[in-house]
Amino acid sequence: MWLSHVLRRNLARDPEALAMRDPRRDVSWREFARDVTALAAMLADAVPPGERVAVLSGNRAEVLETYFACTVAGVVAVPLNPGLADPEIAYILDSVAPTLALAEGPGRERLAAGHPELPLAAIEDVADLADAADPAGLLDRCAGLTAPVAILHTSATTGHPKGVLVDQRSFQLNTLSWLADVDVPGGTAFLNACPLFHGSMVIALDYLAAGATVCVLDRFTPAGCLSALQTWRIEHAFLVPSMIRLLLESRALASTDLSALRLVAHGAAPMPAELAEQARAQLGVDLQTIFGITEGGGPVISLRPGDKPGDPPVRGATCAGVPMLGTDARIVDSRGQVAGPGEIGEIHLRGDGLMHGYWRDPGATTDVLTGGWLNTRDLGCLGADGYLWSVDRRNDLILRGGQNIYPAEIEHVLRQSPCVADAAVVPASSTAWGQTPVAFVQPSAGSVVDEGDLIDLCVGQLAGYKRPSRFVVIDQVPRNPAGKILRRQLREQAERLTAGNPAESEEAAQ
Amino acid sequence: MTSARHLIQSGLDLPVLLDRIGDDDDLIASGVNSGEMVRIALNCEQRLGRVLTDDELAGLNTVRAVAALIEETATGHELAEKAVD
């Protein structure tokens, strides 16, 4: 009911106001409601309530229309990253068993070739459906507030992605908490530059709820983003730090009019202090730090432009801010006790925005969701003044350019090589991307590891952003007596190797 | 083509990946990720001394396409130099 309420309210207020735009078309609230109801009518006919609809598309306005339409039709949207390799897509489709897929041309070709039994519809034709539909009263049939409406996939420690089941109550709470922290007058132009399959897409829903105009960038390129910021007179944007660095490096920046831009919210990876300073100076904007987690419903902690958190309570910590409205946070130490200020422990979150659980994985759900608290597995601590500081991301997580990668995903693929007896993947620092994965491989007895073969294996089975930036052959992957990989030791080795990488040294010098 | 390969390699996290990519192979399908494509485009802009157009960006999908883009300009520079001479 939340998203249909958003649609109906904005429609009543000003039907001709601009709800969305992308490079192909501008969408008024009247057109938005027309498209959503027409698509919902089609979905309600084709898909039984509660069944899944896969969405395989690059960024476009119709992706957001599809999310709205799925809630109206009472079905569950499953966004897929088009950058995933075919085996990764197949794993998710096997898991969620969709009744239908809405996809762009290239996505339809992939699905038709690999999954010929799956009915397909063209997402780019959504606006054309409206001519044939009779959607009267359909908006009143929206799924209930706590009914699952989307499954967002995240990288996981198991080596396969997990589906995070979310409802509209989560969307609603996120909107209220965003609007409590960020001033969004109606009609504000917001740039959505991140992929709409990503958990950060809830921020676009927040802006739509506020009656803002969501401007959808097809894909991020520095020049394309700067052009959009200027042409669409963007006032607010959400970017990951790697994107901000690329914007600052672009030759087009000097000639771009950014006079409308007031606020850049950033998240998905730590923002280096020097980059933040450059961004404020060169883009002329306020910065807002967002700490989010898909399992928590998206943004959960924020540091506003005027906040003054002071010095870190522990060396190397980054200030995440204070919990957003509707979210409680606490730090839990290794004994399971709530930690005091300055003590490092795992960050736990509580609130109505948390996920229902992982799709058909009660064991994994119980591992992180207990007694109403979500264990993020991220390490942090509280300052004496109530600010929450991030010390390290969840156990083995690699954050490459704002995208999460768990080592197990890559290790699982590398171990498929007959030449590899064991493998361990750890993050190494990267100026450009924050971190990149480095793979340590142990050859099987009598084998010689060929780096080219490992590259081919990764290219065939992993999305490009998961491919290791380096393969290192070692005699034996270090493990403790219980068999757990000693990652700290390998991380230190990876950092030493990366420090000697000419490309990184060159970037660091710029 | 050597010059184009060097330019592309400097945008890759794993430069040896390019050794496995033919001149006409699609870079993305061969494992180059979207972030690396952005860096390759920035390298081209650096080389050309100007911002790439949308069409040029969209066409930057093979080693040969990168070579054509930067060689076209090299030819232009040579002609310009000759014209000045």
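A:Asp456 and B:Arg20 join their side chains in a salt bridge, with N to O at 2.6 Å; the term covers a side-chain nitrogen of Lys or Arg within 4 Å of a carboxyl oxygen of Asp or Glu. This is a predicted model, where local features need pLDDT of at least 70, side-chain atom pairs count only at pLDDT 80 or more, and totals for chains, interfaces and linings use all residues. Side-chain values use heavy atoms, with hydrogens and water left out.

Across the interface of chain B and chain A, the rule picks up 4 salt bridges. It also turns up 9 residue pairs in polar contact, both at pLDDT 80 or more; that means a pair of N or O atoms within 3.5 Å, where within protein one must be able to donate a hydrogen and the other to accept it, and residues adjacent in sequence count only if both atoms are side-chain atoms. On the side of chain B that touches chain A, helix H2 (residues 34-48) of chain B gives the most, with 7 residues. Helices here are DSSP runs (H or I, at least four residues), numbered from the N terminus.

As for the extent of the contact (heavy atoms within 4.5 Å), chain A puts in 28 residues and chain B 21 residues. About 2000 Å² is buried between the two chains, and carbon and sulfur atoms give 57% of that; buried area is the accessible area (1.4 Å probe) that two parts lose on being put together, summed over both.

Within chain A, helix H8 (residues 201-209) is mostly covered, with 9 of its 9 residues buried, that is, under 20% relative accessible area (1.4 Å probe, protein chains only). Among them are A:Met201, A:Asp206 and A:Tyr207. A:Gly211 follows H8(A), and its phi is positive, near 75 degrees.

Note on methods:
Residues numbered from 1 in each chain as written. Chains lettered and ligands numbered in written order. Helix = DSSP H or I, 4+ residues; strand = E, 2+ residues; numbered from the N terminus. Buried < 20%, exposed > 50% of the residue type's maximum accessible area, 1.4 Å probe, protein only.
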